[in-house]
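The following note records several points on the model shown here.

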Amino acid sequence: MYYVNLVAGLLTPLSLLAVGILWKIKPPLREGSGLAYRTALSERSQETWDFAHTHISKLWIRLGVLLSLITVLLVHFWVKESFTLLLWVLAGQMAFLCLSAFFVDTLLRTVFDGDGRRH
């Protein structure tokens, strides 16, 4: 059960890390229909698109590493056989994933105006 909990707990952080590295190497195309950070703010111009993907990739790489380490420690020392605590760990990971979108949108609002031009 320990390894199942560990794998389940690491799915989100390792996904964040993988997507962050992928977008850092090759950001998604604005016109594409694949995986991308699409918000009204990020799609205003090519500059906002590039800015958003540059910053979300850095954030997700850091979050992926940090959440992976925290998850391994929590699963190793506390979760072991407790599925309820694992659900709390997963909920915390999802909260960080959602907060990252708010952080990047806030950063976009501070750097760009409503038309996608820099202040």
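Which residues does Trp-23 touch, not counting residues up to four places away in sequence? Point 4 takes this up.

1. Basis of the note. This is a predicted model, in which local features need pLDDT of at least 70 and side-chain atom pairs count only at pLDDT 80 or more, whereas totals for chains, interfaces and linings use all residues. Residues are numbered from 1 along each chain as its sequence is written, and side-chain values use heavy atoms, with hydrogens and water left out.

2. Overall form. The protein has 3 helices and 0 strands, where helices (H or I, at least four residues) and strands (E, at least two) are DSSP runs numbered from the N terminus. The order of elements from the N terminus is α-α-α. Along the principal axes, the C-alpha atoms fill a box of roughly 50 × 25 × 20 Å. Of the contacts (heavy atoms within 4.5 Å) between residues at least 6 apart in sequence, 68% join residues at least 24 apart.

3. Packing of H1 and H3. The axes of helix H1 (residues 2–25) and helix H3 (residues 83–111), which are lines fitted to C-alpha atoms over the stretch in contact, come within 10 Å and cross at roughly 5 degrees. H1 is therefore roughly parallel to H3, a term for angles under 35 degrees on a scale from 0 to 180 degrees between N-to-C directions. Residues of H1 including Asn-5, Ala-8 and Leu-16 meet residues of H3, among them Phe-83, Leu-90 and Leu-97. By class, this contact has 8 nonpolar, 4 polar and no charged residues.

4. As for the opening question, Trp-23 touches Pro-28, Leu-35, Ala-36, Tyr-37, His-53, Ile-56, Ser-57 and Trp-60.

5. Burial and the loop. Buried residues (under 20% relative accessible area, with a 1.4 Å probe and protein chains only) make up 35% of the 119 residues. Ser-82 lies in the loop between H2 and H3. Ser-82 counts as partly exposed because its relative accessibility is 30%, between the 20% limit for buried and the 50% limit for exposed. The C-alpha atoms of Ser-82 and Asn-5 are separated by 8.9 Å, although the two residues are 77 residues apart along the chain.

Note on methods
Parallel < 35°, antiparallel > 145°, perpendicular 65-115°, else oblique. Nonpolar A, V, L, I, M, F, W, Y, C, P; charged D, E, K, R; others polar.
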